[in-house]
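Q: Hey, I'm new to this one. Can you walk me through some of its side chains?

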Amino acid sequence: MKKKNATYYILSFLIPMLMLVITFALAKVYPFGNNTAVVGDMKNQYAAILTYGKENFFNIHKLLYSNSLALGGNFYPVLTYYLLSPINLIALFFSNKYIPLFYLINICLNAGFIGLTTHIFLLKSKFINKYVDETISEEIVNVLRLIFSTIFTLSTFYVQYSHTIMWFDAIIFFPLVLLGYEQLVSSNKVILYCISLILLILSNYYIGVMVLVFLLGVTFFWIILSLICKKKCLSIMKKSNISIVIYYLTNRCRINSIIT
């Protein structure tokens, strides 16, 4: 079973990544052609900031304060907002003229990691799996998890945020945060929730705030769902109690009629 799970882990990482590579190749995006993935904020902001951070990676004082910002200013907020994702370390191996290639690799790696973490969520979530039909074979369920994790990874949500990589790197941790939050609520396990949320906020605090707002909405959803389930349980109990009383009274009447 563990080997099968490992196979699906690998596939959940590779399939969305390979699909994106094929898409970029068909669209003739560099290095497959003359087009580029550097569009929007990547072109206007991120490329210059990434290049500056890469060139001064070993000069801590220049990462904390930069003369390139207007007349000079604190670079630390820019660093924490744009460059804290570990994936940005790959840019150190690229010269400035090959930054578009780094963008392509970054986008594809993001797709792979998000597919993987989404698959882990679908596999480990008790809330999701309690609705899975037990008559369906485990093999089919694993294939469905793989399909849905790929669909989420390549959804419009991904396409929109792939143009702002400094935000999207953080979304890798989102499925793990949601899984950790479920474990926190259901069984008081805090490790996964704390670690994944800290990593997400460190990668990009803007996405961290949005995820916390989403978790607030999830909390209200679970509260309402639990109240609905509780009402259903109460109604079932009432119905069962009524049926017991009716059964008792009818049997009592039968006994009395027999005696008389």
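Q: Let's start with Tyr193: buried or exposed?
A: This is a predicted model, and in it Tyr193 is buried, at a relative accessible area of 14%. The cut-off for buried is under 20%, so Tyr193 falls inside it.

Q: And what about Tyr181, buried or exposed?
A: Tyr181 is buried too, with a relative accessible area of 12%.

Q: How do the rings of Tyr181 and Tyr193 sit, and why is the pair called tilted?
A: Their centres are 5.7 Å apart and their planes make an angle of 45 degrees. Stacked needs under 30 degrees and edge-to-face over 60, so this pair counts as tilted.

Q: How many aromatic pairs does the structure hold?
A: There are 9.

Q: Switching topic: how many residues has the largest nonpolar core?
A: That core has 58 residues. Among those with the most contacts inside it are Tyr46, Ile107 and Leu200.

Q: Which helix gives the most to this core?
A: Helix H5 (residues 99-124), with 12 residues.

Q: What about salt bridges, how many are there?
A: A search of the whole structure turns up 1. Glu138 pairs with Arg145, and their closest N and O atoms are 3.4 Å apart.

Q: How accessible is Glu138?
A: Glu138 is partly exposed at 37% relative accessibility, while Arg145 is buried at 9%.

Technical notes: Residues are numbered from 1 along each chain as its sequence is written. This is a predicted model: local features need pLDDT of at least 70, side-chain atom pairs count only at pLDDT 80 or more; totals for chains, interfaces and linings use all residues. Side-chain values use heavy atoms; hydrogens and water are left out. Rings of Phe, Tyr and Trp (its six-membered ring) pair if their centres lie within 6.5 Å; planes under 30 degrees apart count as stacked, over 60 as edge-to-face and the rest as tilted. Buried means under 20% relative accessible area, exposed over 50%, partly exposed in between (1.4 Å probe, protein chains only). A nonpolar core is a set of buried Ala, Val, Leu, Ile, Met, Phe, Trp, Tyr and Cys residues joined through side-chain atoms within 4.5 Å. Helices (H or I, at least four residues) and strands (E, at least two) are DSSP runs, numbered from the N terminus. A salt bridge is a side-chain nitrogen of Lys or Arg within 4 Å of a carboxyl oxygen of Asp or Glu.
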